[in-house]
Amino acid sequence: MTRYIIRRLLQAVPLLVIITALLFILTANLGDPLAAFGGERRRLQPADRARLERQLGLDRPLIEQYAIWLVGNDWMKVDLDGDSIADSYGTRRGVLRGDFGDSFQERRPAIEVIGERIWNTLLLMVASEIIVIILALLVGTFSALHQYSFWDHLITTLSFIGYSMPIFWLALMLIYLFGVNFQRWGLPSLPTVGMYDLSVGPTVGQIALHMLLPLTALSVVSLAAYSRYVRSQMLEVIHQDYIRTAYAKGLSERTVLRGHALKNAALPLVTIVGLDMPLLLGGTVVTEAIFGWPGMGRLFYKASNAGDIPVTMGILFIIAVLVVVFQLITDIVYTYFDPRIRYE
Amino acid sequence: MMRKSSWLVLSVLVITSMALSSCGPQPTPAVEVPAEAPTTAPTSAPAAAKEATLSLTSNPESMNPLYASTWYTECVFDLILLPLWNIDDQGQYQMELAQELPTLQNGGISADGLTITLKFRDDANWSDGTPVTADDAVFTYDMTMSDGNGVFSRYPFDTYVESMTAVDPKTLEIKLSSPYADWSTSFFTGISRVLPKHVLQPVFDQEGTLDNAQWNRTANIVNGPFTLTEFVSDDHLTLAANEGYWRGRPKLDTLFIRIFADDAAQLAALQSGQSDIGSYIVGDQIPTLEATGMFETPTSANGYIVTIFMNMDPKTAHPAMTDPNVRRALALAIDRQLIIDQIYNGIYTIPATYWDDTVYDNPDLEPYPFDPEGAKALLDEAGWTVGTDGVREKNGTILSLRYVYISGDDTTDTMVVTFQQMLADVGVKLDIIQNTQEVLWASYGDKGELAIGNYDLTQWSDGMWYFPSPSTSYFLCSEIPSADYPTGYNWFGICDPALEELFAVADIEVDPNKRIDDYHQIGKIMYDQTYIIPIRSDPDVWAVNTRLKDVTFSGVDPLMFAYQWDVK
């Protein structure tokens with residue numbers, strides 16, 4: 001197993017280089033970052049544009065820009081003052097040395113910009129994933145065990161409705177019901193934006209309260225999908241011979257479900273969760289935008305729209321690393337659920 | 001099923017995450033506003049703190065004006081950093097850091113117009129008690145021009161300023177390299193502000209740059225009516241009343257600024273009471289806000305209009321677009337009043353020229369009328385005859401025009417589709433292409449769609465970038481982009497010798513009345529040639545909760561009156 005893990009990690013290095021190179025090319029072709037400067041009301045003066053292109057390294061060939069992004073330019077001389085003479089050392093250390101560059105929009109280290117949002121996104125997404133997994137297992141298992149009953153039909157109907165709902169519509173409906181109309185009707189209303197009431201500050205209670213609506217919006221759609229998946233897997237497993245044998249041996253339903261059925265039914269779910277985990281960091285653009293949650297999804301959307309290459313590449317790089325890592329973790333977790341699986 | 005221990009672990013994980021989050025992403029703290037110790041025992045309960053929440057729909061980039069470029073950031077500067085003077089909604093100069101506006105009469109401007117001398121007021125201080133001096137202005141100029149700083153713009157300092165000197169701590173002398181009519185609306189005013197030299201000089205001396213100065217995020221030493229106590233990017237800013245503001249303490253104790261990603265989120269926050277003042281309100285939201293009975297929606301003219309620009313460059317344009325009669329026909333075919341009434345609830349007006357609602361707007365010109373029959377007649381006269389499919393053609397060329405614009409909101413999309421229908425009624429086919437700002441406005445060198453002429457019609461809100469200065473370089477021959485000059489902004493291919501001459505004269509004209517006359521003539525030429533098709537005015541529209549009072553705005557310096565905002 002150890003050799004397997006080391007081999008996978010070594011294989012990840014060239015893979016990440018290829019992935020980041022491709023992403024860099026795509027990101028750099030999203031548009032002109034300098035066109036976003038000034039917002040909608042101002043444009044860069046021509047002389048300022050030429051200077052900023054030089055200072056931000058945007059006048060270099062794409063391959064050189066990627067190399068600088070990767071290894072930095074503090075070891076080589078560059079032309080900072082525009083006199084066509086490379087007489088100053090660069091200031092970039094490169095991603096390999098932990099420097100993701102400075103955000104074009106916010107003019108500060110991209111890793112600092114990303115770091116401020118990561119915890120906000122993880123809080124929302126991890127909480128949502130935990131709720132969804134637990135509820136999906138409960139609902140999906142119940143539905144499978146009571147196939148074609150009234151409750152199964154009800155759960156199935158609600159699942160299809162939940163899965164079909166556009167999340168932005170659901171989010172807005174939740175806001176207007178629990179935020180706007182409840183207040184209008186004199187009922188206790190829920191906060192609709194931000195992570196906490198600015199007058200009160202970031203307390204646990206405030207954050208929990210502000211999480212209710214975005215968590216609900218996020219969980220409804222995912223729960224609908226996951227619960228259907230668990231249901232179909234459970235249905236397949238509980239009709240297997242070994243389950244019948246377990247019952248015949250006199251084991252209780254609880255023991256059969258927990259010890260035999262769920263473990264086998266959960267294996268494919270592990271794959272899905274393993275694929276989802278790194279994407280949690282990407283956040284969810286729509287939910288974060290509507291609820292004013294300062295997370296990674298909103299940051300990624302804003303940065304990619306504005307051509308903010310350092311921030312966009314920083315987020316994509318982190319996600320790429322996590323995809324590789326979580327795929328490895330998923331493979332290892334398989335061995336827990338299915339002892340027959342072994343790696344050399 | 002999961003064991004009890006697993007449930008416990010999961011519960012601890014969730015609770016721990018929430019607790020960590022409350023102390024994890026720390027906002028950039030600044031100096032805390034010290035509470036004053038009471039000198040006598042209070043005889044009654046202290047008055048509730050006066051708080052208000054303003055919302056913006058874009059994140060301020062930086063608290064350092066050198067690295068800022070957007071209107072939203074400028075709004076924040078109005079609250080924390082003083083300019084030399086503000087310009088109110090009546091166009092009157094209100095002194096802030098400067099004692100008086102330099103003029104020829106008071107000797108502040110030399111006879112040749114090339115030397116400007118101004119005095120700083122004695123009672124303007126930074127929030128740490130250090131006086132604001134001319135040295136701060138000179139330092140700001142030096143930092144703007146320094147190659148070590150990746151500032152957003154050096155304009156107009158790089159173009160017009162020869163030198164800047166502190167004659168004494170309170171006297172600043174600016175020597176111009178050439179006459180510059182707009183100096184009073186661009187030197188240390190608008191988005192340009194004076195920096196605290198005593199805070200930032202040591203940073204520059206040590207780092208060789210201000211690019212990563214902590215002050216750029218914390219702005220803990222300021223001189224405006226409010227101090228910044230907290231800035232959480234993409235979420236909020238918290239501002240506290242500055243006791244040392246030269247006009248006296250503002251009436252509000254705390255002003256929160258909430259940052260939203262879009263209009264819908266802001267609207268929900270306004271309706272639910274989580275925001276008191278909304279910015280950049282879109283026309284179709286006004287009935288919703290007014291129906292709540294909680295909001296007023298004042299507007300302030302800002303020199304901007306929504307206008308259609310056209311590609312008239314003979315090298316890249318559709319042949320029809322080089323004909324002024326065709327351009328006039330397009331203008332006559334669009335019922336702009338209907339669009340304003342139906343899509344924007346009638347809150348806007350129809351401009352006649354680029355300088356709408358300013359003294360530079362030619363009063364003799366009326367907006368193009370809605371006259372589809374007149375449009376058809378002009379197109380017939382120009383030789384574009386209606387084909388069997390209803391689309392006009394001439395010499396085998398179909399009058400099919402490519403309309404590109406920046407996508408982003410439903411009302412703009414509806415407006416453009418309405419254009420399509422109105423133009424179809426007169427036999428003009430419109431192909432609509434949406435794209436992002438970064439693609440459309442990219443430079444010629446980056447193959448920007450507009451710069452390379454890959455369009456026929458486009459539209460956005462534009463106007464006086466340094467309002468109330470009327471200057472623009474959009475319509476100059478010299479600004480047409482090319483391989484030799486890829487950064488030019490005349491994406492429209494306008495090259496009119498009469499316009500060139502007038503712009504050159506107006507740019508250096510220091511007599512305000514003559515300058516107004518120059519721009520009236522410019523407006524007349526542009527109107528006669530239909531170089532643009534103005535669609536509607538685009539003033540700043542605000543939403544103000546009626547629980548507040550004395551909330552007024554300026555189209556030039558939007559939040560200059562924040563010091564007098566109060567709670568009822």
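The model is predicted, local features need pLDDT of at least 70, side-chain atom pairs count only at pLDDT 80 or more, and totals for chains, interfaces and linings use all residues. Residues are numbered from 1 along each chain as its sequence is written, and chains are lettered from A and ligands numbered from 1 in the order in which they are written.

I start with the chains. In chain A, 69 residues are in contact with 66 residues of chain B; contact means that C-beta atoms, placed from the backbone, lie within 7 Å. On the chain A side, α4(A) gives the most, with 9 residues. Helices here are DSSP runs of H or I with at least four residues, strands are runs of E with at least two, and both are numbered from the N terminus.

Next, the sheet. Chain B has an open sheet of 5 strands in the order β19-β18-β20-β14-β21, with mixed pairing. Two strands pair if DSSP finds at least two bridges between them. The edge strands are β19 (429-435) and β21 (532-537) of chain B, each pairing on one side only. Strand β18 (400-406) of chain B runs parallel to β19(B), over 7 bridges. Within that pairing, Tyr403(B) has Ile432(B) as its bridge partner.

Last, the domains. Chain B splits into domain 1 (20-27 + 48-298 + 542-567) and domain 2 (304-538), with bounds from an automatic or database domain assignment. Their C-alpha centres are 33 Å apart. Between them, 18 residues of domain 1 of chain B are in contact with 17 residues of domain 2 of chain B.

Key: Two residues are in contact if their C-beta atoms, placed from the backbone, lie within 7 Å.
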